[in-house]
Amino acid sequence: MQTILVTGGCGFIGSNFVRLALQQLPACRLVNLDKLTYAGNPTNLTDIAADPRYRFVKGDIGDADLVAALFAEESFDTVVHFAAESHVDRSILGPAEFIQTNIVGTFILLEAARAAWASRSDVRFLHVSTDEVYGSLGATGFFTETTPFDPRSPYSASKAASDHLVSAYHHTYGLPTLITNCSNNYGPYHFPEKLIPLIIHNALKGKELPVYGDGTNVRDWLYVGDHCAAILRVLQQGRVGETYNVGGNNEKQNLEVVHTICDLLDAKVGLLPDGAGRRSLIRFVKDRPGHDRRYAIDAGKIRQELGWEPSLTFEQGIEQTIAWYLTHGDWVEAIVSGAYRDYYEKQYGK
Ligand code: NAD
Ligand code: TYD
């Protein structure tokens with residue numbers, strides 16, 4: 001039986017991964033360690049919470065005693081590490097938590113794994129990271145696994161530091177690590193501070209749609225279920241010590257994404273009460289400081305070595321995502337009516 005520690009399993013990608021892992025690995029035991037920050041939401045996992053193979057532990061990955069005690073109690077053979085502060089704009093407003101969780105927290109987990117696993121080779125520590133560690137591209141080119149790190153935001157710098165630590169633990173101590181660097185995800189349970197869920201929510205409410213700068217920055221979008229499937233694939237078949245880039249070859253300018261959401265919502269729920277289409281809600285707002293121009297992933301290595309391919313195009317994935325948000329209004333409402341409102345007003349005004 002595989003005994004898996006998932007960190008950050010109550011967040012966006014983590015909760016999608018927990019659900020998939022319980023489906024795909026019938027004989028696993030899965031422990032979810034999550035601090036329940038503003039981004040952690042136990043209701044993301046209500047449907048599987050009573051599964052006898054699942055245990056939730058509320059706690060901080062930076063709590064070395066807790067992490068060591070969990071390793072001793074559960075004898076993990078697998079760690080899938082999602083827990084992080086994940087929002088670039090928040091890292092600009094206040095980087096301290098990013099340094100603590102993303103760097104120090106990852107270090108604590110690595111130390112616990114090193115102590116518990118000694119020289120075992122039948123174990124895996126999979127670190128979930130981002131393509132933002134590679135910096136920003138111009139109009140052409142792609143990030144590969146050998147692109148030098150060049151992070152530009154406190155978020156991406158903290159993730160780059162954690163990636164380096166994970167690599168160092170492999171090279172120095174022989175810890176059986178794997179790293180995935182993925183492009184922008186979207187899909188169910190995405191916290192509504194990020195572009196796609198924020199635009200869906202505001203467009204449904206008839207609120208302004210804030211687009212940073214001129215809206216021509218490019219992101220490479222991947223449906224969250226495809227990312228989670230890639231992580232499972234890397235866990236099962238990835239070569240120890242390797243990094244795998246994950247992406248769906250779906251480059252879009254931000255404005256194109258916003259237009260797509262507006263048009264799909266107009267078609268699905270009707271025009272705004274004043275008869276206008278939702279594109280009329282778009283407002284070009286002050287640009288993000290240091291805003292990365294373009295991200296684009298070359299996913300050739302995971303495709304060729306492990307046979308992973310995304311299952312959805314952006315057009316399919318965004319339809320499914322909008323359908324999910326249309327049927328999960330209560331989930332979004334519970335977030336936007338809570339403490340999140342303070343952040344929103346600080347960032348965008350009332
Ligand atoms: P998220 O912000 O939705 O969730 C983060 C989760 O981690 C939350 O449940 C939170 O409570 C938990 N957490 C935060 N600090 C913690 C701590 N100190 N101890 C324990 N738990 C803690 O993030 P996400 O978008 O799901 O991203 C998950 C991971 O994937 C992150 O490591 C992120 O860097 C990486 N990633 C994200 C994307 C993306 O597009 N969202 C793309 C590539 C990689
Ligand atoms: P985001 O979802 O924050 O992801 P990341 O910064 O990690 O790529 O932002 C995606 C893109 O959308 C990015 O170029 C910034 C832009 N953006 C806006 O134009 N308006 C917004 O309100 C937000 C949150 C993001």
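Asp 150 has a relative accessibility of 36% and so counts as partly exposed, a label for values between buried, under 20% relative accessible area, and exposed, over 50%, with a 1.4 Å probe and protein chains only as cover. Asp 150 forms a salt bridge with Arg 152, and their closest N and O atoms are 3.2 Å apart. Arg 152 is also partly exposed, at 47%. A salt bridge here is a side-chain nitrogen of Lys or Arg within 4 Å of a carboxyl oxygen of Asp or Glu.

Some conventions come before the rest. The model is predicted, so local features need pLDDT of at least 70 and side-chain atom pairs count only at pLDDT 80 or more, while totals for chains, interfaces and linings use all residues. Residues are numbered from 1 along each chain as its sequence is written, chains are lettered from A and ligands numbered from 1 in the order in which they are written, and side-chain values use heavy atoms, with hydrogens and water left out.

The structure holds 23 salt bridges. One of them joins the side chains of Glu 193 and Arg 90, with an N to O distance of 2.6 Å. Glu 193 sits in the loop between strand E7 (185–186) and helix H6 (195–205), and Arg 90 in helix H3 (residues 88–93), so the pair ties together parts that are 103 residues apart in sequence. Helices (H or I, at least four residues) and strands (E, at least two) are DSSP runs, numbered from the N terminus. Both partners are buried: Glu 193 has a relative accessibility of 2%, and Arg 90 has 17%.

Another salt bridge links Glu 315 and Lys 252, whose closest N and O atoms are 3.4 Å apart. Because Glu 315 belongs to helix H10 (residues 314–327) and Lys 252 to strand E12 (residues 251–253), this pair ties together parts that are 63 residues apart in sequence. Glu 315 is partly exposed at 46%, whereas Lys 252 is buried at 13%. Salt bridges can also be joined up, as in the network that links Arg 29, Arg 55, Glu 73 and Glu 74.

The cysteines are another matter. The structure holds zero disulfides, a disulfide being a pair of cysteine sulfur atoms within 2.5 Å. For Cys 182, the closest cysteine sulfur is that of Cys 228, at 9.0 Å, which is too far for a bond. Cys 182 is buried at 3% relative accessibility, and Cys 228 is buried at 1%.

The last stop is ligand 2. Of the 17 residues around ligand 2, Glu 132, Arg 219, Arg 288, His 291 and Tyr 348 come nearest; a residue is near a molecule if one of its heavy atoms lies within 4 Å of it. This shell divides into seven nonpolar, five polar and five charged residues. Strand E8 (residues 209–212) gives the most to the shell, with three residues.

Oxygen atoms of ligand 2 have N or O atoms of the protein beside them in several places. A backbone N or O atom of Tyr 212 lies 2.8 Å from one such oxygen, and a polar side-chain atom of Asn 254 lies 2.8 Å from an oxygen of the ligand. For His 291, a polar side-chain atom is 2.6 Å from a ligand oxygen. Taken alone, ligand 2 exposes 510 Å², and the protein buries 97% of that; accessible areas come from the Shrake-Rupley method with a 1.4 Å probe.

Notes: A polar contact is a pair of N or O atoms within 3.5 Å; within protein, one must be able to donate a hydrogen and the other to accept it, and residues adjacent in sequence count only if both atoms are side-chain atoms. Ala, Val, Leu, Ile, Met, Phe, Trp, Tyr, Cys and Pro count as nonpolar, Asp, Glu, Lys and Arg as charged, and the others, Gly among them, as polar.
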